[in-house]
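Open the model in your viewer and have the residue selection tool ready.

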Amino acid sequence: MTNRRGDALRRAAKWLDDNPNTETNNRGVVWAAILTMAGVYFEEPAWLKHVEQHAPKMLRNIIREDGEVGENTEQYAGGGPDAGYTYTSLSYIYMYHLWSGNSEIDPRLRNAMRWLAGYTTRSGWPVVVGASVRTGVVNQRNISDGLPYFERYSKTEPFYAELTDSLLSKLEQENDPPW
């Protein structure tokens, strides 16, 4: 990475470390994932330790024991699944999982993938399309956020390979695929 880009990333990570967002929702897990990535990249154990102080509570709140993924916070009256933030949160949890090497969350992440596979039709629509924060229309492309983790675990759960293939086929048929 060039010095300018590296300096910018280091400054951003320092800012994240100095201004932690430890909310137990998508904003908090984005903070955790990005600061973990920067901590690994720059070999800053203090940043990694800072995230580890808060990440377990975030992960337990976002992914329930049964695998339900949602914005389970007081600001949403207890919350629940969301046709947007559910996918965002799970994507950043997966990135945090990869960058941190925290295998303790693997069982919960696997439960979340099973739950998400049931929450979303094979054509990419959330089953509960009305559950969406601040939007009147559901973006069915959000499921594409899940393709990396479905692909990774497809070796042990073949249904994920079928689901990934079905979702990719649908997305490829669009005039403007998300990639």
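**Stop one: helix H4**

Select residues 85-100, which form helix H4 (helices are DSSP runs of H or I with at least four residues, strands runs of E with at least two, numbered from the N terminus). H4 has 16 residues and spans 22 Å from first to last C-alpha, close to the 22 Å expected at 1.5 Å a residue (the expected span is 1.5 Å times one less than the number of residues). This is a predicted model, in which local features need pLDDT of at least 70 and side-chain atom pairs pLDDT 80 or more, while totals for chains, interfaces and linings use all residues. Residues are numbered from 1 along each chain as its sequence is written, and side-chain values use heavy atoms, without hydrogens and water.

Next, color the buried residues of H4, among them Tyr85, Leu90, Ile93, Tyr96 and His97 (buried: under 20% relative accessible area, 1.4 Å probe, protein chains only). The buried residues of H4 pack against helices H2 (26-41), H3 (45-62), H5 (106-119) and H6 (147-153).

**Stop two: the core**

Show Ile63, Leu90, Ile93, Tyr96 and Leu116, which touch the most other members of the 39-residue largest nonpolar core (buried Ala, Val, Leu, Ile, Met, Phe, Trp, Tyr and Cys joined through side-chain atoms within 4.5 Å). H5 gives the most to this core, seven residues. Around Ile63, contacts (heavy atoms within 4.5 Å) beyond four places in sequence include Leu90, Ile93 and Arg108.

**Stop three: the whole chain**

Zoom out: the protein has seven helices and zero strands, and 42% of its 179 residues are buried.

Methods
Buried < 20%, exposed > 50% of the residue type's maximum accessible area, 1.4 Å probe, protein only.
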